[in-house]
Amino acid sequence: MTPLILHKADFFPNAAFPVAVAGRYPQDVFVEHSHDFNELVMVLRGNGLHVLNGRPWRITRGDLFYIRAADKHSYTSVNNLVLQNIMYCPGMLTLSADWGRLLPGLDNRAYRPDWRLTGRGMAEARALITQLEQETSSAGEWGSVMIESLFLQLTIALYRHRYIPAQAPEPEERGSIEALIAALATSLDSGFDLAQFCAHHHCTERALRQQFRQQTGMNIPGYLRQLRICHAQYLLQHSGLLISDIATRCGFEDSNYFSVVFTRETGITPRQWRQNHSTGLPAGLSAAP
Ligand code: RM4
Ligand code: NI
């Protein structure tokens, strides 16, 4: 199968501009591809399975990905998934700014592609994206510079409002879905107590559950299970850990039950997943020269 490469000419309304924005309301299933441009992906609603360079991520509201042109990614299952794509050509950025810090992965060093945004960050980003939409669809004087400066503001807003779960939540984030998702992400290997979370955040379980379902299209235990399965897939592929150890690290006390759930969710057993995705070497070992 020839790899699919998406071209700027097909996705940028104006090739003279360094940036283009595209809302995906919704994003459909999309085959594996790379691009001749870089891409930021902001998840606004719903959920889906995003596979980035072979690694599956269950994505939902507030997730943010920094994708480089040559990265391979696909959306293999979607459920009312709403995305905002911001596409840009690194070689066309002319303003002097520390782009390397603002755009993880730009300098091609190892980086973290996945981030989370606070609610405030999403709101600020969306306001800037609306302005970008206007500028990129008209060919006004100073268009390119205006677009690049809006893009710069956008990257700063995204940088400032990344969710750092270790921090105490800002008052406006207390009891929010963003705070909940951050808490779930740190509960992969242990139980998660929603009642305790709600008591701590002074919110009601019912309202939070309802809001979570509306915004993500999932229920809380279902999402947590998906996060655990994705983490297990990562560990199966990139570590030499025993399957029973992986089960424990993914919050399953019983490794048989883990295998049942894994197989039900992915269609194959953990062992088969490991075989199919084997990188050839257990983690920590390097190839002989
Ligand atoms: C597609 C999908 C791809 C993106 C293109 C521009 O709908 O979101 O990931 O590269 O749009
Ligand atoms: Ni893409």
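**View 1. Polar contacts to ligand 1.** A polar side-chain atom of Glu-39 sits 2.5 Å from an oxygen atom of ligand 1 in this predicted model. The protein buries 97% of the 300 Å² that ligand 1 exposes when taken alone (accessible areas by the Shrake-Rupley method, 1.4 Å probe). For Arg-24, the distance from a polar side-chain atom to a ligand 1 oxygen is 2.6 Å. For Asn-85 it is 2.9 Å. A polar contact here is a pair of N or O atoms within 3.5 Å.

**View 2. The shell around ligand 1.** Residues count as near when a heavy atom lies within 4 Å. Among them are Leu-6, Phe-11, Gln-27, His-33, His-73 and Met-87. The shell holds five nonpolar, five polar and two charged residues. Tyr and Met count as nonpolar, Glu and Arg as charged. Strand 7 gives the most, four residues.

**View 3. Strand 1 beside strand 3.** Strands are DSSP runs (E, at least two residues), numbered from the N terminus. Strand 1 (residues 4-6) runs parallel to strand 3, joined by three bridges. Pairing requires at least two bridges found by DSSP. Leu-6 stands opposite His-35 of strand 3. Both residues belong to the ligand 1 shell.

**View 4. Strand 3 beside strand 7.** These strands run antiparallel, with two bridges between them. Phe-30 faces Tyr-75 of strand 7 across the pair. Phe-30 and Tyr-75 also line ligand 1.

**Notes.** The model is predicted: local features need pLDDT of at least 70, side-chain atom pairs count only at pLDDT 80 or more, and totals for chains, interfaces and linings use all residues. Residues are numbered from 1 along each chain as its sequence is written, chains are lettered from A and ligands numbered from 1 in written order, and side-chain values use heavy atoms, without hydrogens and water.

Note on methods. A polar contact is a pair of N or O atoms within 3.5 Å; within protein, one must be able to donate a hydrogen and the other to accept it, and residues adjacent in sequence count only if both atoms are side-chain atoms.
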